[in-house]
Amino acid sequence: MSLTADKLTVAGRLTAASVALRPGEVTAILGPNGAGKSSLIACLAGLLDAERGTVALDRAALSALPPRERARAIGFLPQSAEVAWDMSVETLVGLGRLPWRQDRAEDEAAIADAIAAMDLADLKDRAVNRLSGGERARALLARVLAGQPRWLLADEPLANLDLRHQQALLARFRALADRGLGVVLVLHDLAQAMNHADRVIVMAQGAVAADGAPGEVLTPALIEQVWETQARWLGEPGQRALIVT
């Protein structure tokens, strides 16, 4: 199941941005502030309409798909999400099953799996408004996972997480991609993208500046061009550290 964007244009945000995403990969969208990262992923999720260009899921226009079908295919985690009503973590995660709601046993199993995946078993009965920022971020992602989407799109999912949960979440994204899901993440940490992504898309001034394997794209020259910072890589593949000089 492919997810593609063709020449997306959003005034002041995107300029003819085109990408063709593949399932079974972790793709990181990178770029400085204001580069168009969040706008691109919002368009891919069908939450932001482009003035020109199209987004397609398996060659079918995303905008033409019934809402339930689109919700089953694509799970989206926004950069910041508010929970309008106070509820337990388990209830919040259960909202991810709304596009399905066909088999109670399947719903309960999916909710339990998502809670376990996000290390929330001890917090499942706690009210969401009593969670820390990192705990809430994990609960919101568990809600997305409970929907068992074929594509998981997340805008800065590692923000507010401590190092242990960042690493656990990156491992979870890898496991999902290995199962055939398409995983697309907006990240700020270039080292995390270098070490954990199969592919990186670098945005600059609303356009795609580079697209490819991390080791081929995230060169010191490209980093200096896009981020206006001199840097170099240290370490072995999979354990690279970025040193700003």
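In β4, A5 has V55 as its bridge partner. Strand β1 (residues 3-10) and strand β4 (residues 52-57) run antiparallel and are joined by 5 bridges. Strands count as paired if DSSP finds at least two bridges between them. Strands (E, at least two residues) and helices (H or I, at least four) are DSSP runs, numbered from the N terminus.

This is a predicted model, in which local features need pLDDT of at least 70, side-chain atom pairs count only at pLDDT 80 or more, and totals for chains, interfaces and linings use all residues. Residues are numbered from 1 along each chain as its sequence is written, and side-chain values use heavy atoms, with hydrogens and water left out.

**The four-stranded sheet**

- The order is β2-β1-β4-β5 in an open sheet of 4 strands, with antiparallel pairing.
- β2 (14-21) and β5 (60-61) are the edge strands; each has a single partner, so one side of each lacks a neighbour in the sheet.
- Helix α1 (residues 37-44) packs on this sheet and touches β1, β2 and β4. Contact means heavy atoms within 4.5 Å.
- The direction of α1 makes about 55° with that of β2. Axes are lines fitted to C-alpha atoms, for helices over the stretch in contact, and angles run from 0 to 180 degrees between N-to-C directions.

**The six-stranded sheet**

- An open sheet of 6 strands runs β6-β7-β8-β3-β9-β10, with mixed pairing.
- Its edges are β6 (74-77) and β10 (207-212), each with a single partner strand, so one side of each has no neighbour in the sheet.
- Neighbouring strands here are turned by 15° against each other on average, direction ignored.
- Strand β3 (residues 26-30) pairs with strand β9 (residues 199-204) in the parallel sense, over 4 bridges. T27 stands opposite R199 in β9.
- α1 packs on this sheet too, touching β3, β6, β7 (151-155), β8 (182-186) and β9; its direction makes about 150° with that of β7.
- α9 touches β3, β9 and β10, and its direction makes about 35° with that of β9.

**Nonpolar cores**

- The largest nonpolar core has 54 residues; L30, L141, F173 and L218 have the most contacts inside it. Such a core is a set of buried Ala, Val, Leu, Ile, Met, Phe, Trp, Tyr and Cys residues joined through side-chain atoms within 4.5 Å.
- Helix α5 (residues 133-146) gives the largest share of this core, 8 residues.
- Not counting residues up to four places away in sequence, L218 touches L30, L190, M194, V200, V202, I223 and W233.
- Another core, of 30 residues, lies apart from the largest one; L65, V184, V186 and I201 are among its members.

**Single residues**

- D107 belongs to helix α4 (residues 104-117). D107 is buried, with a relative accessible area of 6%. Buried means under 20%, exposed over 50%, and partly exposed in between (1.4 Å probe, protein chains only).
- Beyond its neighbours within four places in sequence, D107 contacts R97, W100, R101 and Q102.
- D119 lies in the loop between α4 and α5. D119 is partly exposed at 43% relative accessibility, and its phi is near 60°, positive in a residue other than glycine.
- E228 sits in the loop between α9 (220-227) and β11 (231-234). E228 is exposed at 70% relative accessible area, and has a positive phi of about 55° without being a glycine.

**The β11-β12 hairpin**

- β11 and strand β12 (residues 241-244) pair antiparallel over 4 bridges. L234 has A241 of β12 as its bridge partner.
- The hairpin has 6 residues between the strands, and G235 takes a positive phi near 95°.
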